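Subject: Structure handover, salt bridges

Hello,

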Amino acid sequence: MTGLVIKNTGYWYTVKLGDGRLIDCKIKGNFRLKGIRSTNPVAVGDVVDILPNQEGTAFITEIHDRRNYIIRKSQNLSKQSHIIAANVDMALLMVTVSHPKTSLTFIDRFLASAEAYRVDTVLVFNKSDLLDDDELRLQEMMMDLYRTMDYKCFAISAETGFGIDAIRPLLKGKTTVLSGNSGVGKSTLINLLLPHANQRTAEISDAHDTGMHTTTFSEMLELPEGGYLIDTPGIKGFGTFDMEREELTSYFRDIFRHSHDCRFSNCTHTHEPGCAVLKAVEEHYIAQSRYQSYLSMLDDKDENKYREAY
């Protein structure tokens with residue numbers, strides 16, 4: 001039997017069969033021994049083969065080849081990865097200029113990882129209703145920055161509904177993973193798009209202006225207009241995984257554009273003479289924040305290579 005993994009609680013997986021039935025599944029005992037260096041070898045969005053048992057549940061026996069996935073380094077186990085979602089058409093990265101503040105480095109790391117695994121990303125700037133004039137100007141500057149790289153950017157308020165009508169058509173008929181820091185309003189957006197979802201929301205911590213985790217597992221939610229929205233737990237950091245240093249340039253759209261003019265084909269854009277990227281940074285054609293994000297990812301340690309397994 002073959003089905004789609006629509007929910008992952010960390011121990012149990014809910015699989016939707018072709019006839020619409022849902023069945024709770026576990027991973028077969030020796031499944032983890034296949035060299036899958038991940039905290040979750042099976043992810044929401046995976047197509048799997050299952051073997052039902054007498055208890056009315058089933059074992060997952062095989063994962064079908066993935067079209068793509070979004071992955072990051074596990075926070076607790078640095079030598080392992082964590083797959084956020086598999087087989088997605090798009091990622092909706094929700095960010096906030098304030099309450100809490102999403103760092104540019106976090107945005108850049110997510111975008112680069114999505115580029116590496118061929119996942120289109122849309123940036124959604126939430127809580128626009130809470131921003132003062134200076135913060136609104138900063139938000140517009142951030143949106144302008146990423147639009148120059150051909151990323152779609154939208155300003156919304158999931159609390160009031162402002163800007164939501166521009167988001168709905170993007171989701172129709174697609175499998176979209178919703179991601180972002182804790183507290184940026186993912187659950188509020190889901191409740192607006194899917195009133196029956198009843199996702200829990202939490203207040204922002206006053207002490208640190210940071211969000212508290214309200215989603216503790218990943219789940220695929222069916223949209224009324226067709227398609228799925230994958231709700232994921234909030235993440236505080238985005239450690240990149242399985243990125244070769246020499247490939248990294250191609251995951252930064254703005255840096256890649258200028259890299260063609262570098263004197264050396266293997267230029268790392270850090271010190272080489274005739275580096276067109278360094279010149280573009282100096283002349284402000286590439287934002288300093290983007291270049292710093294590139295340097296920080298260049299320094300990431302790649303202890304294990306995830307693609308060798310799946």
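Is R21 buried, partly exposed or exposed? R21 has a relative accessible area of 48%, so R21 is partly exposed. Note that this is a predicted model.

The salt bridge involving R21 is with D19, and the closest N and O atoms of the two are 2.8 Å apart. D19 has a relative accessibility of 55% and therefore counts as exposed, the cut-off for exposed being over 50%.

A search of the whole structure finds twelve salt bridges.

D165 and R168 form a salt bridge whose closest N and O atoms are 3.9 Å apart. Both belong to helix α3 (residues 164-171); they are three residues apart, so about one helical turn separates them. D165 is exposed, at 63% relative accessible area, and R168 is partly exposed, at 30%.

D254 and R290 also form a salt bridge, with 2.9 Å between the closest N and O atoms. This pair links distant parts of the chain: D254 lies in helix α5 (residues 253-259) and R290 in helix α7 (residues 288-298), 36 residues apart. D254 counts as buried because its relative accessibility is 7%, under the 20% limit. R290 counts as buried as well, at 1%. Salt bridges with shared partners join D254 and R290 with D108 into one network.

Regards

Technical notes: Residues are numbered from 1 along each chain as its sequence is written. This is a predicted model: local features need pLDDT of at least 70, side-chain atom pairs count only at pLDDT 80 or more; totals for chains, interfaces and linings use all residues. Side-chain values use heavy atoms; hydrogens and water are left out. A salt bridge is a side-chain nitrogen of Lys or Arg within 4 Å of a carboxyl oxygen of Asp or Glu. Buried means under 20% relative accessible area, exposed over 50%, partly exposed in between (1.4 Å probe, protein chains only). Helices (H or I, at least four residues) and strands (E, at least two) are DSSP runs, numbered from the N terminus.
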